[in-house]
Amino acid sequence: MANSAPEIEESWALALSEDFESEYFSKLSTFLHEEVRTQTVYPPGKLIFSAFNLTPLTAVSVVIIGQDPYHGAGQAQGLAFSVADGIRIPPSLQNIYKELHEDVGIPIPVTGNLEKWARQGVLLLNATLTVRAGQPASHRGKGWETFTDDVIRTVSDLRAGIVFLLWGRFAQEKAALIDTSKHYILKAAHPSPFSAHKGFFGCRHFSKTNEILRVNGMAEIDWNPAGKIISY
């Protein structure tokens, strides 16, 4: 993807065209091209923009913000907190599932694949979209944060009634990018084992999100990641 716009869903390509044509994105692309040439980078190139390709801008109803992709082999798939079928469910996602079970009664899923959420309008956005294998935070400060901040602003500017789930201090800092006069922000501690007991457990964000969507005449989210994928 060096020095060119990535393959990304049409509504996002149009809305983010200035980013893709910018100097910072050109430098980011050059950096990634060299990283891929000399290092192992996750997720694979075709999955970097999965969150956008599975959740068009025109379909977004919920935004969940993460930090980095997983840095272990086979884990990262371009969706915040999600891993592919057959991959061991990471601790933060295990805690998300515990809260999901307590909140809306869904049995603890056996898959960590959240594609079903994405296809229903849940934008699973990491602040940094790539990482070097085994080196967390290795691609921070290279331009991704500028891009994903613009993504959040774009959702805020062009859509209305979106529910933003901000888990942990890092995600909550993004609240400044969101127009709260027309969107909803729900805040809680991060679901990490280090902080889940400090306010993530018991936050009931899943039922609260569906209540907001229902009141605003929008489709509720089927939070069970297992089973048939819902299409638009």
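**Close-up views of a predicted model**

View 1. E115 forms a salt bridge with R119, with 3.9 Å between the closest N and O atoms. A salt bridge here is a side-chain nitrogen of Lys or Arg within 4 Å of a carboxyl oxygen of Asp or Glu. The model is predicted: local features need pLDDT of at least 70, side-chain atom pairs count only at pLDDT 80 or more, and totals for chains, interfaces and linings use all residues. Residues are numbered from 1 along each chain as its sequence is written, and side-chain values use heavy atoms, leaving out hydrogens and water. Both E115 and R119 lie in helix 6 (residues 115–119), four residues apart, about one turn of the helix. Helices (H or I, at least four residues) and strands (E, at least two) are DSSP runs, numbered from the N terminus. E115 is partly exposed at 23% relative accessibility. R119 is also partly exposed, at 31%. Buried means under 20% relative accessible area, exposed over 50%, and partly exposed in between (1.4 Å probe, protein chains only).

View 2. The whole structure holds 11 salt bridges. One of them joins the side chains of R132 and E35, at 2.7 Å from N to O. R132 sits in strand 4 (residues 131–132) and E35 in helix 3 (residues 23–38), so this pair ties together parts 97 residues apart in sequence. R132 is partly exposed, at 22% relative accessibility. E35 is buried, with a relative accessible area of 6%.

View 3. The side chains of R214 and E211 meet in a salt bridge of 2.1 Å, N to O. Both residues lie in helix 9 (residues 205–215), three residues apart, about one turn of the helix. R214 is partly exposed at 42% relative accessibility. E211 is partly exposed too, at 36%. A network of salt bridges links E211, R214 and E220.

View 4. Four strands are arranged in the order 3-2-5-6, with parallel pairing. Two strands pair if DSSP finds at least two bridges between them. Strand 3 (122–126) and strand 6 (184–188) are the edges, each pairing on one side only. Neighbouring strands are turned by 20° against each other on average, direction ignored. Axes are lines fitted to C-alpha atoms, for helices over the stretch in contact, and angles run from 0 to 180 degrees between N-to-C directions.

**View 5. Strand 5 and its partners.** Strand 5 (residues 163–167) runs parallel to strand 6, joined by five bridges. W167 is the bridge partner of A188 in strand 6, and L165 is that of L186. Strand 2 (residues 62–66) pairs with strand 5 over three bridges, also parallel. There, V62 has V163 as its bridge partner. Side chains in a regular strand alternate between the two faces of the sheet. In strand 5, V163, L165 and W167 are buried on one side, and F164 and L166 on the other. Five of its five residues are buried, so strand 5 is largely enclosed by the rest of the structure.
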